[in-house]
Amino acid sequence: MTGLDSIISQIAGDGQKEAGEILAQAQKKAGDIAEAAKTQGGEKVRTVLKDGERRAQDIRDRAQSAAELEQRNQMLLFKQELIREAVDAARESLENAPDKEYFDALLTLYKRHAQEGRGEMFLNKKDVDRLPDDFLARMRKAVPGAEVTISPKPQNIENGFLLVYGGVDINCTFRAIFEDASDQLRDAAGKLLFPVA
């Protein structure tokens, strides 16, 4: 081998050695990068999973809250319907009561709403036809200062009566009385139907 061949051979050997070192460094660096990427990727996966679990729990919590709210609303509607039915049943029971109980209820209403002075009571046709003979005397005894007469002319009302004092009408029909007292009746019916434990 000549000197030139020897130099070329040495340059080639040095180049191969250097290329091997560069290749080894590159492979190590690639391995380090791959390991770092794997670690970072694992952390990203864990972060994504935790975020997904948190979001899923939020969705479950909102769905449960919405379901509980809907259940409370449905229960409230059910209770209101039961109370309305109980109040309506009470009014209908009073409207359809036997004559004695019915006119006793009218007398009680009269005591609450009668005023001193001259007035007139108006009833519907059914009540005018079945009016007890002693009802006017009972009215006068119940409220001595009131000078109320009972009109023989029936009015177009359901049940109960109208009291008229001059130009002032006092509506004592059962429907009006129950509507005026609806909040108190609902509260009372609610306590009976749904007592607090």
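How many helices and strands does the secondary structure of the protein chain come to? The protein chain has six helices and four strands. The model is predicted. Its aromatic side chains include a cluster of Tyr102, Phe103, Phe135 and Phe174, linked by ring pairs.

**Fold and surface**
- Along the sequence, the elements of the protein chain run in the pattern α-α-β-α-α-β-β-β-α-α.
- The protein chain has 197 residues, and 23% of them count as buried.
- When contacts in the protein chain between residues at least 6 apart in sequence are taken, 75% of them join residues at least 24 apart.
- The protein chain has an accessible surface of about 14,400 Å², and carbon and sulfur atoms account for 55% of that surface.

**Aromatic pairs**
- The structure contains three aromatic pairs.
- One of them joins Tyr102 and Phe103: the ring centres are 5.2 Å apart and the planes stand at 85°, so this pair is edge-to-face.
- Tyr102 is buried, at 0% relative accessibility.
- Phe103 also counts as buried, with a relative accessible area of 1%.
- Tyr102 pairs with Phe174 as well; their ring centres are 5.5 Å apart with planes at 70°, so the pair is edge-to-face.
- Because Tyr102 belongs to helix H2 (residues 99–113) and Phe174 to helix H5 (residues 174–180), the pair ties together parts that are 72 residues apart in sequence.
- Phe174 is buried, at 1% relative accessibility.

**Charge over a ring**
- Arg130 places its charged end over the ring of Tyr102, at 4.2 Å from the ring centre.

Key:
Residues numbered from 1 in each chain as written. Predicted model: local features only at pLDDT ≥ 70, side-chain atom pairs only at ≥ 80, totals over all residues. Heavy atoms only, no water. Helix = DSSP H or I, 4+ residues; strand = E, 2+ residues; numbered from the N terminus. Buried < 20%, exposed > 50% of the residue type's maximum accessible area, 1.4 Å probe, protein only. Contact = heavy atoms within 4.5 Å. Areas by Shrake-Rupley, 256 points an atom, 1.4 Å probe, with all protein chains shown as cover. Phe/Tyr/Trp six-rings, centres within 6.5 Å; stacked < 30°, edge-to-face > 60°. Lys NZ or Arg CZ within 6 Å of the ring centre and 35° of its normal.
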